[in-house]
Amino acid sequence: MMKKKSLCASRASLVLFLCQMISSLDVPLDSKLLEELSQPPTITQQSPKDYIVDPRENIVIQCEAKGKPPPSFSWTRNGTHFDIDKDAQVTMKPNSGTLVINIMNGGKAEAYEGVYQCTARNERGAAISNNIVIRPSRSPLWTKEKLEPNHVREGDSLVLHCRPPVGLPPPIIFWMDNAFQRLPQSERVSQGLNGDLYFSNVQPEDTREDYICYARFNHTQTIQQKQPISVKVFSMDSLNDTIAANLSDTDIYGAKPVTERQPVLLTPTGSTSTKVELRGNVLLLECIAAGLPTPVIRWIKEGGELPANRTFFENFKKTLKITDVSEADSGNYKCIARNTLGSAHHVISVTVKAAPYWITAPRNLVLSPGEHGNLICRANGNPKPDISWLANGVPIAIAPEDPSRKVDGDTIIFSHVQERSSAVYQCNASNEYGYLLANAFVNVLAEPPRILTPANKLYQVIADSPALLDCAYFGSPKPEIEWFKGVKGSILRGNEYVFHDNGTLEIPVAQKDSTGTYTCVARNELGKTQNEVQLEVKDPTMIIKQPEYKVIQRYGQVSFECIIKHDSTLSPTVIWLKDNDELPDDERFLVGKDNLTIMNVTDKDDGTYTCIVNTTLDSVSASAVLTVVARPNPPFDLELTGQLERSIELSWIPGDENNSPITSFVIEYEDGLHEPGVWHYQTEVPGTQTTVQLKLSPYVNYSFRVIAVNEIGRSQPSEPSEQYLTKSASPDENPSNVQGIGSEPDNLVITWESLKGFQSNGPGLQYKVSWRQKDVDDEWTSVIVANVSKYIVSGTPTFVPYEIKVQALNDLGYAPEPSVVIGHSGEDLPMVAPGNVQVFVINSTLAKVHWDPVPLKTVRGHLQGYKVYYWKVQSLSRRSRRHVEKKILTFRGNKTVGMLPGLEPYSSYKLNVRVVNGKGEGPASPDKLFRTPEGVPGSPSFLKITNPTLDSLTLEWGSPTHPNGVLTSYILKFQPINNTHELGPLVEIRIPANESSLILKNLNYSTRYKFYFNAQTSVGSGNQITEEAVTIMDEAMASRQVDIATQGWFIGLMCAVALLILILLIVCFIRRNKGGKYPVKEKEDAHADPEIQPMKEDDGTFGEYRLFSFVSSAPF
């Protein structure tokens, strides 16, 4: 048995697609079918209920309807028939019910004010329009009035009344000056909802004579102007000057200065008021306050929260705006006006009423003869609306009787209908705030089955998703539907199919084998018809690499990937969204084939990015969140509370953390009394803390600021807090880093680090400086100095220890007793030289020096160490003297031994030793002479090879620059080098030290030799130097080689060979371009010269020499 489901029981995803049945026969929206079926009238277009028209233009009252046969139209005006044929100014458009009232040719709009209603009628019933109220717009002039100038004292409040003429619709109000420039508005000066201009407090700059209120009437496109209003503000200074000019010196005069006042509400007045608003409208509540300083307005809802996403503040927060209000928005709304002197408040009790609104509007019924059906009309409102029914525009109580109809409140029940039961019914729901009118027809039809779905319609679906094959049908009585697969297939049954009441066949999970032809058959008692459709099942589209969550710092670069796989017969398109909206039109967003890149990321780029892949059959998406992090915004609203002499509490409100949690707050302070403009670190608290107890110092004018810190960095500093001046007190601490160091042998310079401004604790900061000689029974000597950091004591013994202390004091007293430090009077140069200086030579370049320490009393200062001066007297290997360069080695502390590195061998040196203190060096010890032994010599200064012959070379050299002893000999080594850079046997020759040249004989001609040359002393050999040289070849051979290269016949031969090669290349190129083959390799192999080929294996150099030798021996 076939399985059927009503749509109401099918899955939610199919409701909108399949929902056509409403317990009656539904007529599909097929244009061809609609043209053939009879149908009662339906109103398709009408003018608004409240219709305000321009009195200068023709009035067009719309009424359009459809039906079969086409309906005729009639009108009522103010409840009675409106005979348009009797009024020459009124015409009705052809095939329409729309009225055109000709005003531009002599008619007056006021004559046609009233309530109009249109009726559209055919043989199946009558539909009616809403009651259309026609009213011409009005823009009356301002009544003339005499406006007195407003004289206001500075700081007082002021209201400039607009009172525009009553127009239809109400005008838009704005204030301008004579130059047609809008008057600037602010928290202090603003326009109310009634159009008046409110001044919370007036200032001298408010004085002017051209405060002009304008009313703009949009319907008539006119602007009316009120007479200018003059405002004169008297400041206290000018008022005092005026009074002073008219009083004698003995009179007491003086107006009160501008006094600050706590807030007082200018509108609304009183402490409470009420407001009624309709459901769905915009609720506007207003509070404007007077006061000095200018009050700030805040709004709250008592016992609840202001609705999110629908609450807006306008007019500098003086107006609370809530859109799309509902009954839940009823309640008490409080506005609070606050300044530094106090606050005022007003409570507005809001009640939300509701004009009628639909719960269930009646819907058209199409029935077959003998069927049943219902028309349901349900509406709600506040108060609850009354429901009434009409039939064909006539109250149902007096309409012609129909035995198939029964009225039950908001429902009309139809049973066993016949064709004469066709009619249009009207449901009216009304209360004191308005009404709703809906037309719904009952159409009784008898028709054979028709299938409206096009023949052979192709359906394409994605595998594993539902396939819905339409069989849109119509017939009366309602036909039965059957489905078949294939041309000769059997009827479809079973759980794998779902058969919907609207004829649709659903395959809940379509597979590849579901592809094919499906046949729909519709039959009723009046006939039978069928239709075929085609189904194709495609592979699904998939995102195989989805975008991933990213965290990026501001001004960085980020990329999201979106790689897809899809059916080969489908063409996917990829789009990217940000927060479910289009990407910003910004060149920083680069969309690639499978990625999205954002350059130079900003805070606005924070959000959810979605990759959507669409084909004609399916759509897949994947999203990832981009979090843009940055340094936090600075804290704000710093407040000081709990002020005490030595502490205060600071609180603040954190700024936006910019997606990176605040880890800490850094508190800094400024001392406006001592260091204005300089900020110092005070403390640091965790990021969860927004208050801190701060320790204070006396006599400091504090300001504080707060810096927020997160993982990205530090915020900009907050605005400074208010200033707080602490009381004076005696100093809590003494100067630090007290020192006593003499600058001359007979003084003591006492220095210290002065207290910083905030450490002085009060005015009149001074220092008490005290000193006495240590280990001597002396009294303290003291002196009080101004706020300096140095004092010099004169006439002291040389380098004597002193006890020193420095104590701070100010006008309120002394600091605690300071601690004592030890200093010394000035140093003098040491008196004696070190004795018993001894030198021990370690080797030719190193010596050790030793001396006895000097007595400490003779140092006359702080012992810093000893200096050893040493210099080379002469080289023992050369008798010539040279410039003496002294070298100095310093040995820190009380050392008595040191090493002298870097000495030259075989040389004579002198040295002396001196003691060093803070003043300088003492006398030198007697010069001590010592010698260094011989060492290995340096390399010879040069090696030159000259006069090459066939078998000999001449060598010349220079002695070492640093012989480092007595030269005993020179060592010469040499060996030949062949063309492959291989070395031959090594020959060694010892040469006397007094020689400077040598001729080497019996060498091979045309051979390269490498030479190694060094000098020797009794200690050993020094570093060697190397050179290379070549003996010359046979002179005759060289001559012949030169001659052959210059012969004319040789040059001609070479040119001929080059020409033949060029001709051969040209021939090859031509034949290859013609497509022919030129077997060069084969011809070369066939004509190869056996005497030439082995030359390829020979060394190129020797091959070239042999070639030249052969040619030169040929006869000329």
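Q: Which cysteine is bonded to C162, and what is the sulfur separation?
A: In this predicted model, C162 forms a disulfide with C213, and their sulfur atoms lie 1.9 Å apart.

Q: What is the handedness of that bond?
A: The torsion about the S-S bond of C162 and C213 is about -70°, so this disulfide is left-handed.

Q: Where in the chain do the two partners sit?
A: C162 is in the loop between β14 (158-160) and β15 (172-176), while C213 belongs to strand β18 (residues 208-217). The pair links distant parts of the chain, 51 residues apart.

Q: Are C162 and C213 buried or exposed?
A: C162 is buried, and C213 is buried as well.

Q: How many disulfides does the structure hold?
A: There are six disulfides in the structure.

Q: What is the pairing of the bonded cysteines in sequence order?
A: With the bonded cysteines of the chain numbered in sequence order, the pairing reads 1-2, 3-4, 5-6, 7-8, 9-10, 11-12.

Q: Which cysteine does C377 join?
A: C377 is joined to C427 by a disulfide, with an S to S distance of 1.7 Å. The pair ties together parts that are 50 residues apart in sequence, because C377 lies in the loop between β31 (373-376) and β32 (378-382) and C427 lies in strand β37 (residues 423-431).

Q: And the handedness of the bond between C377 and C427, what is it?
A: That disulfide is left-handed, because the torsion about the S-S bond of C377 and C427 is about -65°.

Q: Why does C377 count as buried?
A: C377 counts as buried because its relative accessibility is 0%. For C427 the value is also 0% relative accessibility, so C427 counts as buried too.

Q: What about C562, which cysteine is its partner?
A: C562 forms a disulfide with C611, their sulfur atoms being 1.9 Å apart. The link of C562 and C611 is left-handed, with -65° about the S-S bond.

Q: Where do C562 and C611 lie?
A: C562 lies in the loop between β50 (558-561) and β51 (563-565), and C611 in strand β56 (residues 607-614), so the pair ties together parts 49 residues apart in sequence. Both C562 and C611 are buried.

Q: Changing topic: where is Q203?
A: Q203 is placed in the loop between β17 (197-199) and β18. The residue is buried, with a relative accessible area of 18%.

Q: Which residues does Q203 touch?
A: Leaving aside residues up to four places away in sequence, Q203 touches E154, R188, V233 and L292.

Q: How many residues are in the largest nonpolar core?
A: The largest nonpolar core has 31 residues. Those with the most contacts inside this core are I59, I61, W75, I101, Y116 and I134.

Q: Which strands supply at least two residues of this core each?
A: They are β3 (50-53), β4 (59-61), β5 (63-68), β6 (72-77), β9 (99-101), β10 (114-122) and β12 (132-136). The largest share, three residues, comes from β10.

Q: What does Y116 touch?
A: Apart from residues up to four places away in sequence, the contacts of Y116 include I61, W75, F82, I101, I132 and I134. Y116 also touches T76, R77, N130 and N131.

Q: How many residues does the second, separate core have?
A: The second core has 22 residues, among them Y459, V461, Y473 and F499.

Note on methods: Residues are numbered from 1 along each chain as its sequence is written. This is a predicted model: local features need pLDDT of at least 70, side-chain atom pairs count only at pLDDT 80 or more; totals for chains, interfaces and linings use all residues. Side-chain values use heavy atoms; hydrogens and water are left out. A disulfide is a pair of cysteine sulfur atoms within 2.5 Å. Helices (H or I, at least four residues) and strands (E, at least two) are DSSP runs, numbered from the N terminus. Buried means under 20% relative accessible area, exposed over 50%, partly exposed in between (1.4 Å probe, protein chains only). Contact means heavy atoms within 4.5 Å. A nonpolar core is a set of buried Ala, Val, Leu, Ile, Met, Phe, Trp, Tyr and Cys residues joined through side-chain atoms within 4.5 Å.
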